[in-house]
Amino acid sequence: MILATVDATVCHATRTATGRCDWTRTRSRGGYFRNAVYRHWDPYEAIPAELLAQDRERLIDSDWTDEEFRGFRASIAKFGAGEEAVTEDLAPLAIALDDIDDGMFVSSQIYEEAKHAVFFDRYWREVIDPVAEARGIERLPPTDEEFFNDAYVQLFDRTEAAMHRLLEDGENTVHNRVVAYCHYHLAVESVLAQTAYYGYQAQYSDTGPEFDQFEDGTRTELDGLIEGITRIRSDEGRHVGFGMRKVQEHIEAGDVDEVIIRETLQELLPHIAGIVDDGQYDTDFDSTPLVEYASEKLSRRIEIITSRDAELPPRRGAGPDQGRRGGRCRLSRSRGPRDGLVAGDVPTADVGLAGRRALQQ
């Protein structure tokens, strides 16, 4: 009886006389899911232990102050906790969606968020804890309350509430689903996470953006962290593309007014800024460029989604027979900015210049 209910809920829009989903319709719309399958990576094996060991040694040998290390540790804790929270909180959206293609993609997204949580768990066990011990700093679990300020708690509590509202009687509406997309796919992934990645590449990779405060060569390169972040960004660029497309489709169909998107995202921006500009630890790091980046990113997302002329990446994803030209796969594997763009945002292969610009801005 439970299986029948779930089947009717998820597949009613594509149901055939035989009781099965109509794949002749859905397979043509499954690009995001196919892309996820094609670009799979293993969080246990893809990031070599040697790179994490190198990060560990560089942090032990660095001239960082204890407060600087504590601040870095807190940022890793926030990332890991965020990935774990989303792994749980996206489940209501997967249940609420009545299109099999969308449900399949969100299911793959939940799996990918779990992979990201595994990476940050590895980094904590193989890098953070050993460095803390070597420096004589108390080892703390990544869930310790020290790492999470009020802004962080508020943002993720609001995201959880927006997602779980979809399970309440009469609340699984287009309006509430769009609000849920705005909380997670746009605010958390498209703005907060991308801002953090931008900062990580600036601080810990020589291929990242230039920050004035690192012009004197004080950047500590952490190749293991950047390798993991690069793979995670590849997944999350796809997640952001999916969320942006769903919101834009609902606006164009007249299901929701674009003012809902503006109000929701602008309401969440102070929490994002409060996470980026924490100020809890006594360091010399200037977070102003990151706060400005987050604000600009949010404004551009609103502009792109609410513009009928904006071009988003196509649904089709890279597969064994896609994204190739002349026998070579055109998937970008760059770790740093290329052509003025921040690497990792592009969710599909060969989306075209306009599509890349739309998603990167």
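## Close-up views of a predicted model

**View 1. Helices α4 and α7 meet through residues from both partners.** In this predicted model, α4 contributes Ala49, Leu52, Asp55, Arg56, Leu59 and Ile60. Across from them, α7 contributes Arg122, Tyr123, Glu126, Val127, Pro130, Val131, Ala134 and Arg135. By class, the contact holds nine nonpolar residues and five charged ones, with no polar residues.

**View 2. The axes of α4 and α7 cross at roughly 25°.** Helix α4 spans residues 49-61, and helix α7 spans residues 100-135. Their axes come within 9 Å. Angles under 35 degrees count as roughly parallel, so α4 is roughly parallel to α7. The crossing is right-handed.

**View 3. His185 is a buried residue of helix α9.** The helix covers residues 174-204. Is His185 buried or exposed? His185 has a relative accessible area of 0%, so His185 is buried. The side chain of His185 makes a polar contact with the side chain of Gln109, at 3.1 Å. Leaving out residues up to four places away in sequence, His185 touches Leu90, Leu93, Gln109, Ala180, Ser190, His239, Val240, Phe242 and Gly243.

**View 4. Ile302 is a buried residue of helix α12.** This helix runs over residues 288-305. The relative accessible area of Ile302 is 3%. Which residues does Ile302 touch, not counting residues up to four places away in sequence? They are Arg262, Leu265 and Gln266. Ile302 and Leu265 are 37 residues apart in sequence. In space, they are 8.1 Å apart, C-alpha to C-alpha.

Methods: Residues numbered from 1 in each chain as written. Predicted model: local features only at pLDDT ≥ 70, side-chain atom pairs only at ≥ 80, totals over all residues. Heavy atoms only, no water. Axes fitted to C-alpha atoms, helices over the stretch in contact; angles between N-to-C directions. Helix = DSSP H or I, 4+ residues; strand = E, 2+ residues; numbered from the N terminus. Parallel < 35°, antiparallel > 145°, perpendicular 65-115°, else oblique. Left-handed = near helix turned anticlockwise from the far one by under 90°. Contact = heavy atoms within 4.5 Å. Nonpolar A, V, L, I, M, F, W, Y, C, P; charged D, E, K, R; others polar. Buried < 20%, exposed > 50% of the residue type's maximum accessible area, 1.4 Å probe, protein only. Polar contact = N/O pair within 3.5 Å; in protein donor to acceptor, adjacent residues only side chain to side chain.
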